[in-house]
Amino acid sequence: MARKNVVRLDEINIPTQVELLDIYIYPLEGGLLQPDSADIPSEEESSNDAQAESEDVVQTVDPRNSLNDLTGKEWLPETKSFFFQKGLGAKHPHAQIERLHPAPYSFQDIGRLILFFTKKGNSVLDPFGGVGSTAKACALNGRICTSIELSQEWHELSIKRLETEVSEGSSSEHSFINADCIPTLKTFADNTFNFMVTSPPYWAILNKKADHKVKKGRVEQNLATNYSSSEKDLGNIERYEDFLETLVQDVFKECGRVIKEKRYMCLVVSDFRNKSEFISFHSDLIQRLSHIDVGNGYELTLQGVKILAQNHKSLLPYGYPFAYVENIHHQYILIFRKTKKKGAAK
Ligand SMILES: C[S@@+](CC[C@H](N)C(=O)[O-])C[C@H]1O[C@@H](n2cnc3c(N)ncnc32)[C@H](O)[C@@H]1O
């Protein structure tokens, strides 16, 4: 028997892009906005849509889809505002390089984003490459990565990771740059990359006194607890405001310039505590990046905030029995798009 709360894709009439814009923009904005005309199909295209067999919509890649290689059926679940983090597990042979880095993300989670925001053969930028999780996700999915990493140690490990965990010679199909991303990004031409995905340092939290979890997990096993001692490492900037300014103005704004028009960037970040203060890093980034001018009449606009749930993490009794102190068991994926500024010349 079919589950009650599951709607089968081939049973519903998938709305055209025009209808979707009507449904979602109207109630949010209190008036029907005129969407960017380049984003909506012509009348002729729309009537063709209506005639499309629902079966085809579900099973095939729409010929107008210039974003990814997903069928309608594969596309829909990826628009959900959350997903659960997936990893290999610490004991897996292919998790041994990743373990050496203090804050890697999961190449499987990033693979999902890459499959949604790019087509096969597209280029992907990661300005904070770490041990190459983005590059590994690209290599496994037929995309081409440019991975910039300041520390020589992590840079070398990212190349080794592809060679040992993907296939011998696979690292040579991607570009690994061992440098400070700030001057490096300036060397790329406007509109170079199809997609940008990264996780930046979270200010200087890794330089704080190790808490119980870190002590048990990394200090006792003699694993690195911060990225580097370099003054160019954004994780070593002392004041939070200075850190945010550098990250936004010198890195993410520049990433906006070098991604192609109408393409996306995903920032994987978490909120954190500094002593007793809760710092909502994700909302500080949204405030600073929304509508930031990235040149040539374009800006970054927020498209969504996905929750990446980390349901496997162990709970620690931080404030018990006196105060609410959160176990932060999720990350945010901030999804921005490079869109034309309202009123900018066509
Ligand atoms: C959160 S980690 C990224 C981890 C990566 N996503 C992975 O899975 O391996 C941030 C990385 O940024 C690097 N980093 C810090 N400042 C940098 C800079 N100015 N230029 C390039 N990389 C930098 C750090 O060395 C660290 O490896």
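Predicted model: local features only at pLDDT ≥ 70, side-chain atom pairs only at ≥ 80, totals over all residues.
How many residues surround the ligand, and which are the closest? The shell has 25 residues, and the closest are Pro104, Phe128, Gly130, Ser133 and Tyr227.

Residues are numbered from 1 along each chain as its sequence is written.

**Ligand shell**
- Strand 3 (144-149) and helix 9 (181-186) each give two or more residues to the shell.
- Helices (H or I, at least four residues) and strands (E, at least two) are DSSP runs, numbered from the N terminus.

**Nonpolar core**
- The largest nonpolar core has 49 residues.
- Such a core is a set of buried Ala, Val, Leu, Ile, Met, Phe, Trp, Tyr and Cys residues joined through C-beta atoms within 7 Å.
- Ile114, Phe195 and Cys266 have the most contacts inside this core.
- Strand 6 (residues 259-269) gives the largest share, seven residues.
- Beyond four places in sequence, Ile114 contacts residues including Val124, Arg143 and Phe195 (C-beta atoms, placed from the backbone, within 7 Å).

**Thr118**
- Thr118 sits in the loop between helix 6 (107-117) and strand 2 (123-126).
- Thr118 is buried because 25 other C-beta atoms lie within 10 Å; the cut-off for buried is 20 or more.
- Leaving out residues up to four places away in sequence, Thr118 touches Asn68, Val124, Arg143, Asn194 and Phe195.
- Thr118 and Tyr264 are 146 residues apart in sequence, yet 9.2 Å apart in space, C-alpha to C-alpha.

Terms used
Near = placed C-beta within 6 Å. Buried ≥ 20, exposed ≤ 12 C-beta atoms within 10 Å, placed from the backbone. Contact = placed C-beta atoms within 7 Å.
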